[in-house]
Amino acid sequence: MLRKKLPTWRRYLTVEPVIFFYAYGLVMSRPIFGQYVYSVISQLKGFPYEQLLLEKEGLGCQEHFAGANNTLVDLEKEVQSLATKIDTGNMFFLAIPSLIMAPFWGPWTDKSHRRKPALLAPVIGAFLGSVVMLMVMYFEWPLYVTFIGSALTGLSGFLTTLSLAVMSYIADTTEKNEVAFRLAIIQMLIFMGGVVSQLTSGFWIHRFGFIIPTWIILGCNLISGLWVIFLVPESHEKASHEKHNFFDIKSLKVLVNVFRKEREVGRKSLLLLVVLGAIITLTTMGLGGVTDLFVMRSPLCFGPKLVGYFLAYRMFFSGVGGAVGVKLLGKFFSELTACGISIVSQIGEMVLLAFSTRTWLVFVAPMLGCFKSSVNPIIASILSRIVGDDEQGSLFCTIGMINIFSQFLGVMLFNNVYERTLHLTFGGFVFLLCAAIKLIPFCFFRCVQVPPTKERQEIREEMKLKDDEKNGNKQEDKLFEENGKVEDQENENEMEMTDQQKPTCLTQTK
C-alpha cells in the first residue's frame with residue numbers, strides 16, 4: 001500500500017494540508033462575506049449596526065431596542081431579511097452547479113485511478129470565487145455580483161468533489177479498520193482550519209476591514225493548489241493515463257448501481273445510512289448562515305471579533321470532540337450507539353442555543369455539542385466497508401452530492417423559517433425545529449445492519465475455525481466410541497458363539 005511506503009512523517013501529510021488550507025479559506029469566507037453583506041445592507045437601509053457595536057461589545061444591545069423604538073426594530077428586520085436572501089442566493093448558485101459536475105468526477109476517478117485532478121479542481125474554483133469577491137469589494141459592485149463567484153466555485157465541484165476525492169484517497173491508502181479514525185483526523189483538520197481562521201478573521205475585520213482577510217483566503221487557496229500539484233502522490237501506483245470521457249452518461253449509471261447492487265449486509269442498510277447522513281447534514285451545514293445572523297441580531301448583537309471568537313470556539317469543540325469521540329466512544333460502545341450519543345449531543349446544543357439571550361449561554365452551547373461531529377466519520381467508515389474497493393469514488397461522489405443537496409435544502413428551509421419568524425420575540429424557534437428533525441436519525445439508527453471491521457472479521461473466522469475443529473474432534477470421538485461399541489459387540493457375539501459350541505464338542509468326545 002502506498003501509505004506504508006511513505007516515510008512516517010509523511011503519512012499524515014498527503015491530502016491533510018490540502019484540506020486544512022482549503023477549509024481555512026472556506027470557513028473564513030463565510031463570516032467575512034456574510035458580515036460584509038450585512039454591513040453593506042445596513043448602510044443602504046440606514047440601520048446603525050456599527051454604532052451599536054462601538055460600546056460594550058458582548059454585553060448585548062437590549063437597551064437600544066427597549067421601549068417603543070419601532071423604527072430601529074423594523075430596520076433590523078429588513079436588514080436581516082435581505083441578508084438572508086443574499087445568503088440563500090449564494091448557496092443556490094454554489095450548490096446547483098456542483099451537483100451537475102460532481103456525478104462525473106467520482107466514476108471518472110475510479111476508471112482512471114487518478115484522484116489528483118478531483119483534488120485540484122475545487123481549489124481552482126475557490127480561488128476564482130475569491131477573485132470575484134475582491135473585485136466586488138474594491139469596485140463596490142452590487143452584492144448580486146457575488147453570485148458569479150459562487151457559480152464559478154460550484155462549477156469546479158466545490159466541497160462535494162473535494163470530499164469525494166479526499167475520502168476516496170484515504171480509502172485507497174488506508175487499512176479498512178483505520179478509515180474511521182483517519183476520516184476523523186481529516187474532519188478535525190477542517191475544524192482546526194476553521195478555528196484558526198475564525199480566531200483571526202474578527203481581528204482582521206476590526207483592524208483592516210474586509211479586503212485584507214479576503215486576500216488571505218486567496219493565499220490559502222493558492223497554497224492548497226500548489227500542495228496538490230507538487231506534494232500529493234497518486235493513490236494508485238499504476239494510475240491510468242488513458243483517455244476517459246469525463247461527461248459520460250454511463251457515469252450516472254455507475255452511481256445508480258452503487259445502490260442497486262446486492263450487498264452482503266443488505267442494500268437497505270446502505271440506503272438507510274445515506275438517508276440518515278443526509279438528514280444530519282441538513283440540520284448541521286444548513287444552519288450555518290442562520291446561526292451567524294442570530295448572534296448578530298438583538299439582544300446579542302455580536303460584532304466581528306465576537307462572531308469570530310464564537311465560531312472558532314465552536315469549531316474547536318466540534319473538531320477535537322469528533323476525533324476524540326470516535327476513539328473514546330468506540331472503546332465502550334458499538335458504532336451505532338456512538339452515533340446515537342453524537343445525535344444527542346447535537347440536540348443539546350441546539351436547544352440551549354435556542355434559549356440563549358446572553359453571551360455566556362451562547363458559548364456554553366458548543367460544550368454540550370462536543371461529540372456532535374463523531375457521527376459523520378463513523379457513517380463514512382461503515383459505508384466504505386459495505387461497498388467494494390472499486391466503488392469508493394462512486395460511493396463518496398454520491399454521498400458528496402447528497403450532502404451538498406441536503407445543505408442546500410437546509411439553507412432554504414432554515415433561512416425561510418428564520419425570515420418568517422423575525423417578527424416573533426422568541427428568535428430561537430428555528431433551532432428547536434432543527435433539534436426536532438434530528439430525532440429522526442436518532443430513532444432509525446437501530447434499524448441499520450453494520451458489517452464487521454477487518455479485525456472483527458478475522459476474529460470471527462478464527463473463532464469459527466476453532467469451533468469447526470472442536471466440532472470435528474467431537475465427531476471423531478463419537479466415531480471412535482461407536483467403533484469401540486461395535487467391536488465390543490462383535491467380541492461378545494464371538495464369545496457367545498464359542499460358549500454354545502463347547503457342549504457339542506464334549507458330547508462328541510464321549
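Colleague: Why is the crossing of α2 and α9 called left-handed?

Modeller: The crossing of α2 and α9 is left-handed because the term applies if the near helix is turned anticlockwise from the far one by less than a right angle, clockwise being right-handed. This is a predicted model, in which local features need pLDDT of at least 70 and side-chain atom pairs count only at pLDDT 80 or more, whereas totals for chains, interfaces and linings use all residues. Residues are numbered from 1 along each chain as its sequence is written, and side-chain values use heavy atoms, with hydrogens and water left out.

Colleague: What makes α2 and α9 roughly antiparallel?

Modeller: The axes of α2 (residues 16-45) and α9 (residues 211-231) cross at roughly 160° and come within 8 Å. Angles over 145 degrees count as roughly antiparallel, under 35 as roughly parallel, 65 to 115 as roughly perpendicular and the rest as oblique; α2 and α9 are therefore roughly antiparallel.

Colleague: Which residues of α2 and α9 meet?

Modeller: Among them are Phe21, Tyr22 and Met28 in α2, and Ile216, Ile217 and Trp227 in α9, where contact means heavy atoms within 4.5 Å. By class, the contact of α2 with α9 has 15 nonpolar, five polar and no charged residues.

Colleague: How do you know that α14 is roughly antiparallel to α16?

Modeller: The axes of α14 (residues 335-354) and α16 (residues 375-386) cross at roughly 150° and come within 9 Å. That angle makes α14 roughly antiparallel to α16. The crossing of α14 and α16 is left-handed. The residues in contact include Glu335 and Ser342 of α14 and Ile378 and Arg385 of α16.

Technical notes. Axes are lines fitted to C-alpha atoms, for helices over the stretch in contact, and angles run from 0 to 180 degrees between N-to-C directions. Helices (H or I, at least four residues) and strands (E, at least two) are DSSP runs, numbered from the N terminus. Ala, Val, Leu, Ile, Met, Phe, Trp, Tyr, Cys and Pro count as nonpolar, Asp, Glu, Lys and Arg as charged, and the others, Gly among them, as polar.
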